[in-house]
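Please look through the sequence and the structure shown here. A walk through some of its parts comes after them.

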Amino acid sequence: MIINKEFAKELALSLLEINAVVLRPNDPFRWTSGWNSPIYCDNRLILGYPELRSKVADEISGFMKINYTDTEVVSGTATAGIPHAAWVADRLNKPMAYVRGKAKQHGTANQIEGGIKKGQSTVIIEDLISTGESSISAADILKFVGAEPVGVISIFHYGFDRATQRFEENNLPVHSLTDYHHLIQAAVRFGFVAQDDLETLNKWRSNPDTWPK
């Protein structure tokens with residue numbers, strides 16, 4: 001679900017302008033998953049733009065004030081979700097935690113850092129959702145220690161069917177600031193890709209694991 005459709009359009013354009021999203025329909029990228037992709041998204045570049053990162057935090061915190069009023073902790077996914085979770089937690093004056101990709105190999109061997117206790121509810125802040133693997137993994141780790149993940153908020157969502165299905169199976173609502181649909185609309189409207197590239201981009205979106213076959 002898109003939180004604010006007008007902001008989704010604005011953010012999509014901003015991501016293109018700062019090269020956080022790069023589109024190469026005729027010279028695809030190779031993802032770590034092995035997928036060929038005409039798009040690469042690196043939302044870590046938002047960190048270098050104070051005004052934009054502030055808008056992102058304002059949108060997320062504003063949404064949480066209305067829809068997740070009783071949520072006790074803001075949790076970030078490592079590593080790109082951590083700074084956004086911190087800014088949101090600060091605006092909401094709530095404890096913040098983050099979930100490591102794996103437990104650290106020294107000291108207390110924690111996989112969750114920060115302030116979250118058994119029984120506390122939490123919203124997971126994610127920078128990017130493709131397959132949904134990192135968000136669901138973070139939710140599982142939080143559940144393992146007795147916390148209660150009540151939703152995920154992402155900056156960008158590809159909207160793949162397999163991710164939607166996985167979140168539904170895990171009873172985990174997902175909300176996003178912008179998505180692939182809004183991004184492609186902005187890319188064509190403002191000349192980041194040609195109108196003729198739309199067919200290629202739509203084919204990839206429908207079958208990302210087998211594209212370009």
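This is a predicted model: local features need pLDDT of at least 70, side-chain atom pairs count only at pLDDT 80 or more; totals for chains, interfaces and linings use all residues.

Residues are numbered from 1 along each chain as its sequence is written, and side-chain values use heavy atoms, with hydrogens and water left out.

Two packed helices are described by the angle between their axes and the distance between the axes. Helices (H or I, at least four residues) and strands (E, at least two) are DSSP runs, numbered from the N terminus. Axes are lines fitted to C-alpha atoms, for helices over the stretch in contact, and angles run from 0 to 180 degrees between N-to-C directions. Helix α1 (residues 5-17) packs with α2 at an angle of about 150 degrees, and their axes are 12 Å apart. α1 is therefore roughly antiparallel to α2; angles over 145 degrees count as such, under 35 as roughly parallel, 65 to 115 as roughly perpendicular and the rest as oblique. The crossing of α1 and α2 is left-handed, a word used if the near helix is turned anticlockwise from the far one by less than a right angle, with right-handed used if clockwise. In α1, Phe7, Glu10, Leu11 and Ser14 meet Leu52, Lys55, Val56 and Glu59 of α2, where contact means heavy atoms within 4.5 Å.

With helix α3 (residues 81-92), the axis of α2 comes within 9 Å and crosses at roughly 55 degrees. The two helices α2 and α3 are therefore oblique to each other, and the crossing is right-handed. Residues making this contact include Val56, Ile60 and Met64 of α2 and Trp87, Val88 and Leu92 of α3.

In soluble globular proteins, nonpolar side chains tend to be buried together. A nonpolar core is a set of buried Ala, Val, Leu, Ile, Met, Phe, Trp, Tyr and Cys residues joined through side-chain atoms within 4.5 Å. Buried means under 20% relative accessible area, exposed over 50%, and partly exposed in between (1.4 Å probe, protein chains only). The largest nonpolar core has 44 residues, of which Leu23, Ile39, Met64, Tyr158 and Leu183 touch the most other members. Helix α2 (residues 50-67) gives the most to this core, with six residues. Apart from this core lies another, of 18 residues, among them Ile124, Ala139, Leu142 and Ala147.

Tyr68 lies in the loop between α2 and β5 (73-77). With a relative accessible area of 11%, Tyr68 is buried. Leaving out residues up to four places away in sequence, Tyr68 touches Phe63, Val123, Val150, Gly151, Pro173 and His175. Tyr68 and Gly151 are 83 residues apart in sequence, yet 8.8 Å apart in space, C-alpha to C-alpha. The side chains of Tyr68 and His175 are joined by a polar contact of 3.0 Å (a pair of N or O atoms within 3.5 Å; within protein, one must be able to donate a hydrogen and the other to accept it, and residues adjacent in sequence count only if both atoms are side-chain atoms).

His175 is also one of the contacts of Ser154, beyond four places in sequence. Ser154 is found in strand β9 (residues 148-157) and counts as buried, at 0% relative accessibility. A polar atom of the Ser154 side chain lies 3.5 Å from the backbone oxygen of Phe156.

Ser121, in strand β8 (residues 121-129), is buried with a relative accessible area of 11%. Val150 and Glu148 are among the residues that Ser121 touches, not counting those up to four places away in sequence.
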